[in-house]
Amino acid sequence: MFSQWQLRAAFAFRLSEMYGREVPAYTTLVDVSREVNEDVLRAEGAGAERLGSISRVTAERHGAIRVGTPDELNQVARIFGALGMRPVGFYDLREAAASAVPVVSTAFRPVDADELARNPFRVFTSMLTPADPRFFDTELRKRLERFLAERQLFPPELLALADRAEAEGELPDVEAECFLHLAVQAFELSTEPLDQGWYETLERVSAVAADIGGVRSTHINHLTPRVLDIDELYRRMTERGITMIDTIQGPPRWSGPDILLRQTSFRALAEPRPMRTADGRVISGALRVRFGEVEARGIALTRRGRVLYDDLLTRIDDRAAKDGGDRQEIARALWEENLPATERELAASGQAFFTYHAVPGRPGDGSRPPADLAGLLDQGWAEARPIVYEDFLPRSAAGIFQSNLSDQGSRNDSLSAVRYDSDWLSGAVGREVLDPFSLYERQQNRSLEQLARELDMPGPPTA
């Protein structure tokens with residue numbers, strides 16, 4: 001029998017193998033990531049594993065896919081449900097991007113700490129928004145919706161096996177092998193000729209829209225390893241002659257704790273694709289839609305910490321527009337001025353999530369543990385361990401998308417946007433889209449309850 005986490009691990013591994021065959025530069029990215037991680041581990045020892053064991057970091061991947069309709073998104077949710085992955089977070093890339101990126105997104109991932117430890121595979125999943133008139137006029141919307149309604153992304157056998165795996169929590173080995181084969185196959189790049197005229201029509205709106213709605217299949221758009229030093233990886237990839245995007249998205253490199261998520265990628269590569277012309281001929285074309293992303297993960301911020309982070313981004317924009325200068329240097333200076341410089345200060349200020357644990361072997365001195373968390377930490381009763389940020393940043397995701405587009409596309413901002421939110425997405429997916437802040441808070445609170453039991457306290461410590 002294959003449990004859900006074993007199916008998840010096997011799927012992530014096979015997907016990585018497949019993507020490496022289709023996009024060889026991805027294999028280089030994985031190799032360089034592993035080299036950097038090994039070097040950081042040698043240099044820093046146990047400190048390098050502060051945000052996850054080296055085995056977890058090395059095996060960790062996140063993928064990205066794109067679908068066109070709520071029905072397709074619902075089917076994706078069934079497939080990932082078989083792998084023990086739940087939809088977490090709502091991301092509106094239409095508003096986060098300066099160029100035309102007409103999608104809303106969620107991420108499917110494990111949500112329990114033990115499941116994340118077993119295999120933290122996650123898939124950032126975007127859905128096209130044909131109803132948004134800023135991108136699609138009435139006639140183009142009708143054509144697009146008709147095209148999407150006529151295609152089938154996932155075979156019924158795959159969906160039936162997915163439903164069984166989710167309901168029963170496992171699959172027998174023969175059925176598991178069939179499920180994995182069909183699931184990986186569903187995300188391979190199709191060799192079917194594209195309708196050149198239709199693809200180019202959508203491409204004038206957005207290359208992302210064309211990649212979703214201009215083909216009769218879906219595919220893995222990028223696959224992302226995790227690295228412990230993303231700046232060093234960027235340097236080494238460039239040395240190997242691989243063209244990277246201009247920046248590392250997310251927080252800057254600075255002297256304090258790593259927070260949230262930093263991402264970069266190599267630029268989308270021109271890949272040969274057969275195209276059918278208006279007169280029926282099949283010609284050889286090339287498209288730039290897939291790229292290789294890499295990420296470095298930090299500590300999850302609380303709502304309060306996230307407000308500060310978003311405010312700092314605005315201040316970076318304002319200062320760069322007013323004074324010019326290097327954005328990374330501006331960001332680093334603002335980080336040094338405004339963010340807590342240590343994990344202890346992050347915890348004390350309530351700006352980041354931690355789990356709290358009783359310090360083993362503390363010498364008895366006849367005293368009772370204090371009732372407040374700061375006292376427990378300062379007097380050596382408890383220690384704080386950072387909770388890794390498992391999710392995504394809409395502005396960073398949009399930045400990666402934009403950096404790999406050949407042009408800005410078109411968006412008519414004189415028209416009003418169609419509203420999408422987490423509740424709408426929950427209805428489309430057919431299951432609740434979970435709030436990431438609530439998940440981190442629950443993990444932190446459980447650790448405080450356990451700490452109180454271990455220290456024989458009447459209740460969890462106060463902040």
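1. In what order do the 5 strands of the open sheet lie, and with what pairing? In this predicted model, the order is E3-E4-E5-E2-E8, and the pairing is mixed. Strands E3 (86-92) and E8 (222-225) form the edges, each pairing on one side only. From one strand to the next, the twist averages 20 degrees.

2. Within this sheet, strand E2 (residues 61-67) and strand E5 (residues 122-128) run parallel and are joined by 6 bridges. Glycine 63, for instance, has valine 123 of E5 as its bridge partner. Strands of a sheet pair through backbone hydrogen bonds, in either a parallel or an antiparallel manner.

3. Helix H13 (residues 303-323) packs with helix H14 (residues 327-338) at an angle of about 135 degrees, and their axes are 10 Å apart. The angle therefore makes H13 oblique to H14. The crossing of H13 past H14 is right-handed.

4. On the H13 side, the contact is made by Leu308, Tyr309, Leu312, Arg315, Ile316, Asp317, Arg319 and Ala320. Helix H14 contributes Arg327, Ile330, Ala331, Leu334, Trp335, Glu337 and Asn338. Sorted by class, the contact of H13 with H14 comprises 9 nonpolar, 1 polar and 5 charged residues.

Technical notes. Residues are numbered from 1 along each chain as its sequence is written. This is a predicted model: local features need pLDDT of at least 70, side-chain atom pairs count only at pLDDT 80 or more; totals for chains, interfaces and linings use all residues. Side-chain values use heavy atoms; hydrogens and water are left out. Two strands pair if DSSP finds at least two bridges between them. Helices (H or I, at least four residues) and strands (E, at least two) are DSSP runs, numbered from the N terminus. Axes are lines fitted to C-alpha atoms, for helices over the stretch in contact, and angles run from 0 to 180 degrees between N-to-C directions. Angles under 35 degrees count as roughly parallel, over 145 as roughly antiparallel, 65 to 115 as roughly perpendicular and the rest as oblique. A crossing is left-handed if the near helix is turned anticlockwise from the far one by less than a right angle, and right-handed if clockwise. Contact means heavy atoms within 4.5 Å. Ala, Val, Leu, Ile, Met, Phe, Trp, Tyr, Cys and Pro count as nonpolar, Asp, Glu, Lys and Arg as charged, and the others, Gly among them, as polar.
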